[in-house]
Amino acid sequence: MSEQHALPRNEIFPWDDVMMLGLSVLRWSPDQLWRATPRELIAAWEGLTGGRGMEPVVSSDLRRMMEAFPDDKGL
């Protein structure tokens with residue numbers, strides 16, 4: 001990449017943000033941070049920010065799940 005088209009180092013990948021998330025917010029060790037995959041980092045961020053919401057279970061869904069996976073009353 002030519003010098004005039006090169007992105008500033010901090011715009012290529014948000015290393016400072018990733019390190020702050022992993023080391024400060026999640027309190028991971030450096031080893032845990034560097035072993036994490038990008039997908040794991042994104043999942044951790046979405047878990048903290050609610051970025052990926054789940055739809056609540058409606059009663060008909062709950063009823064079907066209870067029928068499919070009944071509690072074992074014999075225990």
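The following legends describe close-up views of a predicted model.

Local features are reported at pLDDT of at least 70 and side-chain atom pairs only at pLDDT 80 or more, whereas totals for chains, interfaces and linings use all residues. Residues are numbered from 1 along each chain as its sequence is written, and side-chain values use heavy atoms, with hydrogens and water left out.

**Figure 1. Overall fold of the protein chain.** The protein chain has five helices and zero strands, and its pattern along the sequence is α-α-α-α-α. Helices (H or I, at least four residues) and strands (E, at least two) are DSSP runs numbered from the N terminus. Of the 75 residues in the protein chain, 9% are buried. Here buried denotes under 20% relative accessible area, exposed over 50%, and partly exposed the range in between (1.4 Å probe, protein chains only). The protein chain exposes about 7200 Å², of which carbon and sulfur atoms supply 57%. Accessible areas come from the Shrake-Rupley method with a 1.4 Å probe, and for residues only the protein chains shown count as cover.

**Figure 2. The buried side of helix α2.** The buried residues of α2 are V18, L21 and G22. They span an arc of only 85° around the axis and therefore lie on the same side of α2; the arc is that of the directions from the helix axis to the C-beta atoms. These buried residues of α2 pack against α3 and α4 (38-49), where contact means heavy atoms within 4.5 Å. On the face of α2 turned away from the buried side are the exposed residues D16 and M20.

**Figure 3. The aromatic pair W15–W34.** A search of the whole structure finds one aromatic pair. W15 and W34 form this pair, which is tilted, with 5.8 Å centre to centre and 50° between the planes. Because W15 lies in helix α2 (residues 15-25) and W34 in helix α3 (residues 30-35), the pair ties together parts that are 19 residues apart in sequence. Rings of Phe, Tyr and Trp (its six-membered ring) pair if their centres lie within 6.5 Å; planes under 30 degrees apart count as stacked, over 60 as edge-to-face and the rest as tilted. W15 counts as partly exposed at 42% relative accessibility, and W34 is also partly exposed, with a relative accessible area of 49%.

Figure 4. L23 is placed in helix α2 and is partly exposed, its relative accessible area being 35%. Leaving aside residues up to four places away in sequence, L23 touches W28, S29, P30 and L33. The C-alpha atoms of L23 and L33 are separated by 7.1 Å, the two residues being ten apart along the chain. R27 follows α2 and lies in the loop between α2 and α3. Phi of R27 is near 60°, a positive value in a residue other than glycine. R27 is exposed, with a relative accessible area of 71%.

Figure 5. A search of the whole structure finds two salt bridges, each defined as a side-chain nitrogen of Lys or Arg within 4 Å of a carboxyl oxygen of Asp or Glu. In this view, the side chains of R35 and D31 meet in a salt bridge at 3.0 Å, N to O. R35 and D31 are separated by about one helical turn, because they are four residues apart in helix α3. R35 is exposed, with a relative accessible area of 65%, whereas D31 counts as partly exposed at 46% relative accessibility.

**Figure 6. The salt bridge R64–D61 in helix α5.** The side chains of R64 and D61 meet in a salt bridge at 2.5 Å, N to O. Both residues lie in helix α5, three residues apart, about one turn of the helix. An α-helix has 3.6 residues a turn, so residues three or four places apart point the same way. R64 is exposed, with a relative accessible area of 52%, whereas D61 is partly exposed at 27%.

**Figure 7. A nonpolar surface patch.** V57, L62, M65, M66 and F69 form a nonpolar patch on the surface, with about 550 Å² of accessible area together. Patches are made of residues with over 30% relative accessible area and no salt bridge; like charges are joined within 9 Å, and nonpolar side chains (Val, Leu, Ile, Met, Phe, Trp, Tyr) within 5 Å. L62 is found in helix α5 (residues 59-68) and counts as partly exposed, at 42% relative accessibility.
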